[in-house]
Amino acid sequence: MNRETNRAKWLTFALMIAALASAAFLGCGVKSPPISPEAARPEKILGLEAANTKDGIRLTWDRPENYASGQKMRDLGGFTISRAQEGKPVEKIGDIQVHDEGRFQAQRTFTFIDGATVMGKTYHYQVTSSTTDGYVSQPSNDVTVVRKGASAPPNPENFVLPTPVPLR
């Protein structure tokens with residue numbers, strides 16, 4: 001009985017050593033170096049545009065394709081839209097969530113209409129993007145726009161067709 005107890009202790013000890021050695025050899029499973037938070041956030045949006053519409057000011061921008069580090073981004077979570085008026089602080093006016101991860105074709109262009117504007121006032125807009133795990137990009141380019149009425153479509157009653165000119 002004593003011999004079997006010693007054998008069981010040695011076997012347990014040997015299995016523990018083997019387990020520790022294999023854990024040390026295999027590691028924790030991380031196969032790449034860690035990424036800094038600055039490199040894990042989405043790239044800055046550079047193409048923010050603004051235009052007057054009958055419903056307000058329409059903002060349009062393209063989807064960020066990469067992280068700030070330059071690697072391809074696959075976990076875009078959404079956008080935050082901010083606005084500032086002359087003499088007033090910047091305020092968040094909207095969020096757009098992105099739910100196209102894993103789809104065959106991802107949405108490339110995004111639009112937001114700010115309907116809470118006043119004619120004649122000047123507005124400044126910026127957009128930030130974020131990943132699904134909370135990394136936020138730097139603010140986009142600043143777009144300044146004066147709220148005006150949208151241009152009217154052509155009136156068929158007074159629309160004049162151009163006169164054709166012969167080619168020579």
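The questions below go from the sheet to the salt bridges and then to a surface patch.

Guide: This is a predicted model, where local features need pLDDT of at least 70, side-chain atom pairs count only at pLDDT 80 or more, and totals for chains, interfaces and linings use all residues. Residues are numbered from 1 along each chain as its sequence is written, and side-chain values use heavy atoms, with hydrogens and water left out.

Visitor: What is the order of the open sheet of three strands?

Guide: Strands are DSSP runs of E with at least two residues, and helices are runs of H or I with at least four, numbered from the N terminus. Two strands pair if DSSP finds at least two bridges between them. E1 and E2 pair in the antiparallel sense over five bridges, and six bridges join E2 (residues 56-62) to E5, also antiparallel. The order is E1-E2-E5.

Visitor: Which strands are the edge strands?

Guide: An edge strand of this sheet pairs on one side only. The two are E1 (49-53) and E5 (109-114).

Visitor: By what angle are neighbouring strands of this sheet turned against each other on average?

Guide: Axes are lines fitted to C-alpha atoms, for helices over the stretch in contact, and angles run from 0 to 180 degrees between N-to-C directions. For this sheet the direction is ignored, and the average is 25°.

Visitor: Which residue in E5 is the bridge partner of Trp61?

Guide: Another residue, Ile57, stands opposite Asp114 in E5. For Trp61, the partner is Phe110.

Visitor: How many salt bridges does a search of the whole structure find?

Guide: A salt bridge is a side-chain nitrogen of Lys or Arg within 4 Å of a carboxyl oxygen of Asp or Glu. Among them is Glu91 with Arg83, the closest N and O atoms being 2.9 Å apart. The search of the whole structure finds five.

Visitor: How far apart in sequence are the parts that Glu65 and Arg108 tie together?

Guide: The closest N and O atoms of Glu65 and Arg108 are 2.9 Å apart, which makes a salt bridge by the 4 Å limit. Both residues are partly exposed, Glu65 at 25% relative accessible area and Arg108 at 44% (buried is under 20%, exposed over 50%, partly exposed in between, with a 1.4 Å probe and protein chains only). Glu65 lies in the loop between E2 and E3 (76-85) and Arg108 in the loop between E4 (91-97) and E5, so the separation is 43 residues.

Visitor: Is Arg83 buried or exposed?

Guide: Arg83 forms a salt bridge with Asp114, the closest N and O atoms being 2.7 Å apart. This pair links Asp114 in E5 to Arg83 in E3, 31 residues apart. Asp114 has 4% relative accessibility and counts as buried, whereas Glu91 at 37% counts as partly exposed. At 8% relative accessibility, Arg83 is buried.

Visitor: Which residues form a nonpolar patch on the surface?

Guide: Patches are made of residues with over 30% relative accessible area and no salt bridge, with like charges joined within 9 Å and nonpolar side chains (Val, Leu, Ile, Met, Phe, Trp, Tyr) within 5 Å. One member is found in helix H1 (residues 2-26) and counts as exposed at 61% relative accessibility. Together the members have about 370 Å² of accessible area, from the Shrake-Rupley method with a 1.4 Å probe, where for residues only the protein chains shown count as cover. They are Trp10, Phe13 and Ile17.
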